[in-house]
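Subject: Structure handover and side-chain contacts

Hello,

Here is the structure for your files. Notes on its side-chain contacts follow below.

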Amino acid sequence: MLKSYFNTRTKFLDEALKQYLNYEDLEPERLYQAINYSVFSGGKRLRPVLFFATYEMIKLSNDLEKIKPLLPVAAALEMVHTASLIHDDLPALDDSNERRGQPSCHVKFDPATAILAGDSLLTKAFEMLTLYENKEVALYLVQLMCNAVSTRGMIGGQTVDVLSSDKQVLQLNILRYVHSKKTGSLLDAAIRMACACADADYTLTQTLSTYAMNLGHAYQIIDDILDDVGDFETLGKDPFEDVKNNKTTYPTIMGLDKARKMADKLLDDSYKLVKNMKNNENLLEFVNMVKDRLP
């Protein structure tokens, strides 16, 4: 069921992204080529689809036409995510030459173009949020995105990650902070934006936020495990990147078995948080999808 849902929503979103990022005949051409190369490189669209699924669950709906007004917000989420990947791959940060089975943006083009492509997508994302029809909600969406991206979110998490990379042993609470900010912040924003657009109450918003943070935490633990035991085909990049960059991971702190159990527990908690909600099939399947990645 989730595969079909992903396919329809991803196709719907990609059609909108192509319109929003229609840079044909514009200069500088190389920058626009880098932007489109990164956005349309086979991403799963996890965050915008989670945004759609949450909104539709709350609204008890499953109608593409009813989520059409949400397309600028969904596009903004994907633009921010893509910008973060472009920047994370840079030599000064994670120094990854592959992304999704093909050369990273800075390898395909050059580091300067990659930095500017990421910056362009980040600023474009905030423009997208201003297009949401309800301008009062649009302002709140901008605030949510700022919080997710800022020093309190993704940038803060990436900074601590960089500063901690040369340390022999990293405390578990610091590692959890890094992942909650780098991975969890944008997933949480996707959920909170859906709740804002659907006019959800505080209790439901907080419950779904916890669901998202658990999901993001588990996803990152599984990424750490896969970096130890996965291969290029599974990861879309070379394994052992964390070892190469002297990064502490969940397996290095607690071992593979305990890391697996922690991821499994977080996913079970996410499942329990939404299992009694109406129209919850897609959110439950998100949990199963992440669990299926666990080796």
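Which residue forms a salt bridge with Lys 265? The partner is Asp 269, and the closest N and O atoms of the two are 2.9 Å apart. A salt bridge here is a side-chain nitrogen of Lys or Arg within 4 Å of a carboxyl oxygen of Asp or Glu. Lys 265 and Asp 269 are 4 residues apart in helix α14 (residues 256-274), so about one helical turn separates them. Helices are DSSP runs of H or I with at least four residues, strands are runs of E with at least two, and both are numbered from the N terminus. Asp 269 has a relative accessibility of 23% and counts as partly exposed; buried means under 20% relative accessible area, exposed means over 50%, and partly exposed lies in between (1.4 Å probe, protein chains only).

Two points on how to read this. The model is predicted: local features need pLDDT of at least 70 and side-chain atom pairs count only at pLDDT 80 or more, while totals for chains, interfaces and linings use all residues. Residues are numbered from 1 along each chain as its sequence is written, and side-chain values use heavy atoms, with hydrogens and water left out.

Salt bridges

The structure holds 14 salt bridges. One of them joins Arg 45 to Asp 14, with 2.9 Å between the closest N and O atoms. Arg 45 lies in the loop between α2 (29-39) and α3 (46-59) and Asp 14 in helix α1 (residues 2-20), so this pair ties together parts 31 residues apart in sequence. Arg 45 is buried at 3% relative accessibility, and Asp 14 is buried at 19%.

Arg 30 forms a salt bridge with Asp 110, the closest N and O atoms being 3.0 Å apart. Arg 30 is in helix α2 and Asp 110 in the loop between α5 (105-108) and α6 (111-129), 80 residues apart. Arg 30 is partly exposed at 41% relative accessibility, as is Asp 110 at 22%.

Aromatic rings

There are 3 aromatic pairs in the whole structure. Rings of Phe, Tyr and Trp (its six-membered ring) pair if their centres lie within 6.5 Å; planes under 30 degrees apart are stacked, over 60 edge-to-face, and the rest tilted. Tyr 37 and Phe 109 are edge-to-face, 5.6 Å centre to centre with 75° between the planes. Both are buried.

Regards
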